[in-house]
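I opened my notebook to look at the two ligands and what surrounds them. Here is what I wanted to see first.

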Amino acid sequence: MWLALMIGNSRLHWAYFTGDTLIYAWDTDYLPADVIQRLSQSQTLKDLLLEIFPNDEATGKARHGNIEDSLKTLCSSVSSPPPIILASVVPSQTALWQSYPNVRILTLDQVPIKGIYPTLGIDRALALLGAGQNWGFPILVIDAGTALTFTGADANQHLVGGAILPGLGLQLATLAGKTGQLPTVELPQQLPHRYALNTKEAIQSGVIYTLVAGIKDFIEAWWRDFPQGNVVMTGGDRTLLVNYMRSPMKAPKGASQFPEIVDSLNVEANLIFWGMQKTLKNYE
Ligand SMILES: Nc1ncnc2c1ncn2[C@@H]1O[C@H](COP(=O)(O)OP(=O)(O)O)[C@@H](O)[C@H]1O
Ligand SMILES: CC(C)(COP(=O)(O)O)[C@@H](O)C(=O)NCCC(=O)O
Ligand SMILES: [K+]
């Protein structure tokens, strides 16, 4: 068994594998350095899982309930700190894990995608590989994380390129942080009205409608260049974004948003983990 750890700019993404099979994936906040130190000394997977599964603050009970129990039962026999395969786009966080005795840090040059430029985020390369493995190349990955990224590869698994912009959460945080009067605003579950008559909804409308329009434009351009190309969305905001794109437009004479695009858009949380598994496999 092994654990995959992808360090993103907002949080840690974990997956538990047995061999080639992804059993379970979950997210946690960053861990303090002293907790990571303690994990390095943990003798069993059970000890480790106790630390890295998020607990419900109120009850102290694990949020993942049954899954956590079955994982622990499954792994209580595994001794020594379990192997962690790590990929990161946050160097200061990577440094904290370097002392872990059984860690392997994946680097960009190990990811079997052609034409990679040296500063490409390894999360983008891994997601591309994972998506291409599953749906085939050409493939366009839209990662709605801290940053929102578009990353495409052609039929030869060669990087076409992509784009980077602030993600939904970051756009909202930047507006609140860099202006004198704009409040901190949450993301609504439903698509807001386009024409807002209060500040909160005006911010939500501006950020969401322009982001959704931008995504639509990138997908249409992708299909012009790669008519057989697949498109997949991942990242922490994927579900919200797809829901916005599915909703009818909340505007006068609002028609359904982008049915033809949403119907052919794949949504998947675990692309990066699939890419990590494939990268390891490539080295065997
Ligand atoms: N519990 C959570 N913690 C942080 N972000 C979350 C959470 N749940 C949903 N999100 C959303 O996920 C986005 C971050 O995406 P994610 O893919 O987790 O980031 P990264 O890979 O950059 O760490 C944020 O913009 C936020 O809106
Ligand atoms: C663009 C990113 C910040 C996205 O990170 P994330 O939002 O997933 O945490 C990351 O992939 C990165 O640091 N990339 C390096 C620059 C590049 O890909 O060109
Ligand atoms: K990401």
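This is a predicted model: local features need pLDDT of at least 70, side-chain atom pairs count only at pLDDT 80 or more; totals for chains, interfaces and linings use all residues.

**Ligand 2, neighbours.** I looked up the shell and found 13 residues around ligand 2, with Tyr117, Gly121, Asp123, Arg124 and Ala147 coming nearest. By class, the shell splits into five nonpolar, six polar and two charged residues.

**Ligand 2, polar contacts.** I checked its oxygen atoms next. A polar side-chain atom of Arg124 is 2.8 Å from one oxygen atom of ligand 2, and a backbone N or O atom of Gly121 also lies 2.8 Å from an oxygen atom of the ligand. From the side chain of Asn9, an N or O atom comes to 2.9 Å of a ligand oxygen. On its own ligand 2 would expose 470 Å², and the protein buries 80% of this.

**Ligand 2, place.** I find ligand 2 in the largest pocket. Two elements, α5 (122-135) and β7 (147-153), each give two or more residues to its shell. Why does ligand 2 lie between domain 1 (2-105) and domain 2 (111-272)? Because both domains give residues to its shell.

**Ligand 1, polar contacts.** Oxygen atoms of ligand 1 lie 2.5 Å from a polar side-chain atom of Thr146, 2.6 Å from a side-chain N or O atom of Arg11 and 2.8 Å from a polar side-chain atom of His13. Taken alone ligand 1 exposes 570 Å², of which the protein buries 66%.

Technical notes. Residues are numbered from 1 along each chain as its sequence is written. Chains are lettered from A and ligands numbered from 1 in the order in which they are written. Side-chain values use heavy atoms; hydrogens and water are left out. A residue is near a molecule or strand if one of its heavy atoms lies within 4 Å of it. A polar contact is a pair of N or O atoms within 3.5 Å; within protein, one must be able to donate a hydrogen and the other to accept it, and residues adjacent in sequence count only if both atoms are side-chain atoms. Accessible areas come from the Shrake-Rupley method with a 1.4 Å probe; for residues, only the protein chains shown count as cover. On a 1 Å grid over the protein atoms alone, a cavity is a set of points where a 1.4 Å probe fits but cannot get out, and a pocket is an open set with protein on both sides within 12 Å along at least five of seven lines; lining residues have an atom within 4 Å of a point. A molecule sits in a cavity or pocket if more than half of its atoms lie within 2 Å of its grid points. Helices (H or I, at least four residues) and strands (E, at least two) are DSSP runs, numbered from the N terminus. Ala, Val, Leu, Ile, Met, Phe, Trp, Tyr, Cys and Pro count as nonpolar, Asp, Glu, Lys and Arg as charged, and the others, Gly among them, as polar. Domain bounds come from an automatic or database domain assignment.
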